[in-house]
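Please open the structure in your viewer and keep the sequence panel at hand.

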Amino acid sequence: MRVRVPRMLSLHMPLGMVYLLDLAVERGIFANRSEVIRHAIPLLYRDLARIRYLLGIASAANQKTMIVSFHLTDKQLAMLDDIVAMKIVKDRSEAIRFAILLLLLRLADEHHPSTFTVGYR
């Protein structure tokens, strides 16, 4: 019988993120940094699978696009510009589409936890 030995990985992490990891450990939410990371990876995997699923629905059968108009405050526009400046997304449109997907995932979790479930159960 083979015993699984955890592998040691190292990465550069911003100090602010290290602070947040340590805060979760200090508050007793997790036993150590490794546990935080081991807990985060399956969540990322699940959410990315769900986002891919939603994107598949949103672009199924090479659907045509349409222009959707809406109102935003100056503060919301500034937030979008900050997100684009962080190079997380390439433009405001992509940021808005991503925000909609995240909102749909959160709403599904709150109101219908089994909705958009992908992968292991």
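The tour below says what to select at each stop and what is there.

This is a predicted model, in which local features need pLDDT of at least 70, side-chain atom pairs count only at pLDDT 80 or more, and totals for chains, interfaces and linings use all residues. Residues are numbered from 1 along each chain as its sequence is written, and side-chain values use heavy atoms, with hydrogens and water left out.

Start with the whole protein in cartoon view. You will see four helices and zero strands, where helices are DSSP runs of H or I of at least four residues and strands are E runs of at least two, numbered from the N terminus. Of the 121 residues, 12% count as buried, meaning under 20% relative accessible area, with exposed over 50% and partly exposed in between (1.4 Å probe, protein chains only).

Next, select helix 1, residues 15–26. Which residues of helix 1 are buried? Show Val 18, Leu 21 and Ala 24. Seen down the helix axis, the buried residues fall within an arc of 120°, so they line one face of helix 1; the arc is taken from the directions from the axis to the C-beta atoms. On the other side of helix 1, look for exposed Leu 15, Tyr 19, Leu 20 and Glu 26. Just after helix 1, stop at Gly 28, with its positive phi of about 80°.

Finally, move to Phe 70, in the loop between helix 2 (33–58) and helix 3 (74–85). Phe 70 is partly exposed, at a relative accessible area of 45%.

Notes
Expected span 1.5 Å × (residues − 1).
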